[in-house]
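Here is a short tour for anyone who likes to see the cut-offs next to the values. Please keep the viewer open as you read.

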Amino acid sequence: ERLLNVRSHAVHERFEIAPHRHRQTLQLDMIDGCSGTAQSDGRATRLAGLTLMVSYPGQEHGYQLRERDAPSRVWHAKLRVSPRWPAVCQRIWPCVLTGLSGAGWLTDAMQQLTDFEMLMGDHRLWQLAALGQVLCHWPRVNRAVEFTASGASGGSGGDEAVRRAVDLVHSHLHEPLTVDDLAAAAHLSPRQFVRRFERAIGSTPHDYLTARRLVRANELLLNPRLTVAAVGEQLGFSSTATFSRWFTQQAGVTPSAYRSDPKRM
């Protein structure tokens with residue numbers, strides 16, 4: 001399984017994707033500010049407000065959109081999956097959800113994934129963090145109704161304990177959190193927490209935390225007003241040298257080299 005690409009399209013007047021299928025691709029679509037219809041498995045759904053679509057391997061999908069509220073936009077992410085993936089996972093996410101509200105965290109995560117795809121291309125660590133964030137906040141079948149009603153903290157991917165830990169990661173990137181800290185936030189034993197986190201996110205808590213800190217470091221380094229020392233300080237590193245060693249180990253380039261040419265990662 002790997003992320004193939006992420007794209008964002010502005011919708012002006014009309015935007016249409018004819019019904020089609022992907023043999024080994026899972027596609028996530030987010031449609032905002034558009035009217036029209038979305039087609040999934042031969043069924044057409046009229047759009048109302050924010051719409052989420054998931055197209056599973058072999059499933060026919062497409063849409064006919066018109067600009068409604070500026071800005072009108074479509075995001076989509078394609079993931080290549082193994083031939084046995086559908087049988088293992090069944091349909092975790094609803095195929096079409098429309099008229100949603102309170103999805104700020106999800107739209108922010110999808111935009112971040114798009115931005116970093118454009119800036120850095122194929123980089124495993126940041127992809128893991130950004131894609132994990134999207135999948136965590138995307139409503140699952142058994143949480144679809146709650147997502148609409150629960151505001152920005154909803155859409156957690158179906159595991160409230162894991163959502164609490166992910167929230168802690170996002171709000172405390174300036175601290176060197178441990179698995180015990182995250183397990184405490186989830187109200188689980190460390191062993192239970194690691195098992196449930198890996199099932200929900202697809203990575204270990206340590207790898208996810210490292211990836212999220214790297215994504216944040218990338219964002220801060222792109223701000224010309226911040227020195228490398230200031231970036232390291234904001235991420236909780238004890239010295240500029242310690243931050244530089246960590247960043248170089250994770251990204252493969254020094255902070256200064258990344259800042260001068262982000263596409264080198």
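Is Ser55 buried or exposed, and at what relative accessibility? Ser55 counts as buried because its relative accessibility is 1%; buried means under 20% relative accessible area, exposed over 50%, and partly exposed in between, with a 1.4 Å probe and protein chains only. This is a predicted model, in which local features need pLDDT of at least 70 and side-chain atom pairs count only at pLDDT 80 or more, while totals for chains, interfaces and linings use all residues. Residues are numbered from 1 along each chain as its sequence is written, and side-chain values use heavy atoms, with hydrogens and water left out.

Ser55 sits in strand E6, residues 50-55; strands (E, at least two residues) and helices (H or I, at least four) are DSSP runs numbered from the N terminus. Leaving aside neighbours within four places in sequence, Ser55 is in contact (heavy atoms within 4.5 Å) with Thr25, Leu26, Gln27, Asp29 and His61. Pro94 lies 39 residues from Ser55 in sequence, with 9.2 Å between their C-alpha atoms.

The largest one has 36 residues, and Phe193, Ile201, Leu235, Phe243 and Phe247 touch the most other members. At least two residues of this core come from each of the helices H5, H6, H7, H8, H9, H10 and H11. Another core lies apart from it, with 26 residues including Leu28 and Trp138. Beyond four places in sequence, the contacts of Phe243 include Ala217, Val231, Leu235 and Pro255.

Side chains of opposite charge can pair when their charged atoms come close. A salt bridge here is a side-chain nitrogen of Lys or Arg within 4 Å of a carboxyl oxygen of Asp or Glu, and the count comes to one. Arg163 pairs with Asp167, their closest N and O atoms being 2.4 Å apart. Because the two are four residues apart in helix H5, about one helical turn separates Arg163 and Asp167. Both partners are in the table.

| Residue | Relative accessible area | Class |
|---|---|---|
| Arg163 | 10% | buried |
| Asp167 | 17% | buried |

Technical notes
A nonpolar core is a set of buried Ala, Val, Leu, Ile, Met, Phe, Trp, Tyr and Cys residues joined through side-chain atoms within 4.5 Å.
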